[in-house]
Amino acid sequence: MRTSPLLLAAAGAVLSLACSFAQAQVVKLSTTAGDIKIQLDPEKAPKTVANFLAYVKAGHYNGVIFHRVIGDFMVQTGGYTPDLKQRPTKPPIPLEAGNGLMNIRGSVAMARTNDPNSATSQFFINVVDNPGLDPGFAPDGRGYAVFGYVTEGMEVVDKIRAVPTSPSPKNPAFQNLPNTPVLINKATVEK
């Protein structure tokens, strides 16, 4: 009995999809506001996902705060302790924006400076659709690299986005700092 090429192609597509689901990883952020689960996309953002997972596995995110909360934009974390001390980081990674993943509500993207290839450990969760952060629409044309999506806990993200904020009296660089710190107690890779 001969197998049709169409049947072989379909089986290959199913196998490929199954492999990508098997490779997909979820990171759980246990925060003082509740748990957030992030589905990573290593196929479209391989370097960014590898970088993020390295920080998770090293315990870098345990005990950091959400240091920039803008209720109609995004919530940012990944770099600072409650006393606003910056955690040491590894070298920056190349920008992987333009990978087909968009800065929509619930997407998770790397924060960076004006240098497109400057992302290290800080990341943000979009609380609204932010097309102005996508390549071609961002002011620098390069955009911000999305590498995953919140699959559980968007209500927790909404709780964080609603916390009262003000400029830090200790450091003027922090203009949207929660008045009561919101921490990541622990970040873990789920099996």
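Visitor: In strand 4, which residue is the bridge partner of Phe66?

Guide: The bridge partner of Phe66 is Thr77. First, some ground rules. This is a predicted model, in which local features need pLDDT of at least 70 and side-chain atom pairs count only at pLDDT 80 or more, while totals for chains, interfaces and linings use all residues. Residues are numbered from 1 along each chain as its sequence is written, and side-chain values use heavy atoms, with hydrogens and water left out.

Strands are DSSP runs of E, at least two residues, and helices are runs of H or I, at least four; both are numbered from the N terminus. Two strands pair if DSSP finds at least two bridges between them.

Start with the hairpin. Strand 3 and strand 4 form it, with three residues between them. Four bridges join the two, and they run antiparallel.

Now look along strand 4. Met74 and Gln76 point one way. Val75 and Thr77 point the other way. In a regular strand the side chains alternate between the two faces of the sheet. All four are buried, that is, under 20% relative accessible area with a 1.4 Å probe, protein chains only.

Strand 4 also pairs with strand 6, through four bridges, again antiparallel. Here Met74 stands opposite Asn126. Strand 6 (residues 123-126) is joined in turn to strand 5 (residues 107-110) by three bridges, also antiparallel. In that pairing, Met110 has Phe123 as its partner.

Helix 3 (residues 154-161) packs on the sheet. Strand 4 (74-77) and strand 6 are among the strands touched by helix 3; contact means heavy atoms within 4.5 Å. The helix direction makes about 120° with that of strand 2. Such angles run from 0 to 180 degrees between N-to-C directions, with axes fitted to C-alpha atoms, for helices over the stretch in contact.

Eight strands close into a barrel in the order 1-2-7-5-6-4-3-10. The pairing is antiparallel. From one strand to the next, the twist averages 35°.

Last, the cores. A nonpolar core is a set of buried Ala, Val, Leu, Ile, Met, Phe, Trp, Tyr and Cys residues joined through side-chain atoms within 4.5 Å. The largest has 33 residues, and Phe123 is one of those that touch the most other members. Helix 2 gives this core its largest share, five residues.

Note on methods
Buried < 20%, exposed > 50% of the residue type's maximum accessible area, 1.4 Å probe, protein only.
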